[in-house]
Amino acid sequence: MTDLIEVNTADLTGAALDWVVAQVEAVPVAIAAPHYGTDWRVYKPDFGGKYSPSTDWAVGGPLIQKYKVLLTPPTDMVHRNFGSFDKRNGWYESGHWGSTIFGKERKHRRTAFQHPDSPLIVAMRAIVQFELGDTVQMPRELLL
């Protein structure tokens, strides 16, 4: 087994995020080193296919439903408060995809993430944080 390092859930992307989601879901996966211009990849050895819930709706979509992840689009309105005498106070588009999970089974834990253009990334980060917390262990190679 490879060396594991601790990373913040909020920093996970790509193969690193896919690998940690596989750990949450107990999906047996392996990692493949870069070759012919590719990045590190997470795959299912028994199937031979890439495991990428952070980019593939066929894999990530059912997880969003399973964990009841609330997704909000970049056009969702948020209130910004710049101070009591600032004329910019008011409602603006968030500009980011957002994800939130509320869970009674986790003592009312709430997770929330934002990303400028990927609802799958924010949803998978929310799932990882909900199940494993703010920091996780992952293979060192996936950060290279």
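Tutor: Let me begin with a term: a contact means heavy atoms within 4.5 Å. This is a predicted model, in which local features need pLDDT of at least 70 and side-chain atom pairs count only at pLDDT 80 or more, while totals for chains, interfaces and linings use all residues. Residues are numbered from 1 along each chain as its sequence is written, and side-chain values use heavy atoms, with hydrogens and water left out.

Student: Of the contacts with a separation of 6 or more, what share comes from residues 24 or more positions apart?
Tutor: Such pairs account for 53% of those contacts in the protein.

Student: And how many helices and strands are there?
Tutor: There are three helices and nine strands, where helices (H or I, at least four residues) and strands (E, at least two) are DSSP runs numbered from the N terminus. Their order from the N terminus is β-α-β-β-α-β-β-β-β-β-α-β.

Student: What percentage of the residues is buried?
Tutor: Of the 144 residues in the protein, 39% are buried, that is, under 20% relative accessible area with a 1.4 Å probe, counting protein chains only.

Student: Switching topic, at what angle do helix 1 and helix 3 pack?
Tutor: Helix 1 (residues 14–25) and helix 3 (residues 119–132) pack at about 45°, their axes being 10 Å apart; axes are lines fitted to C-alpha atoms over the stretch in contact, and angles run from 0 to 180 degrees between N-to-C directions.

Student: Which residues of helix 1 meet helix 3 there?
Tutor: Leu17, Val20, Val21 and Val24 in helix 1 do, and their partners in helix 3 include Ile121, Met124 and Arg125.

Terms used:
Buried < 20%, exposed > 50% of the residue type's maximum accessible area, 1.4 Å probe, protein only.
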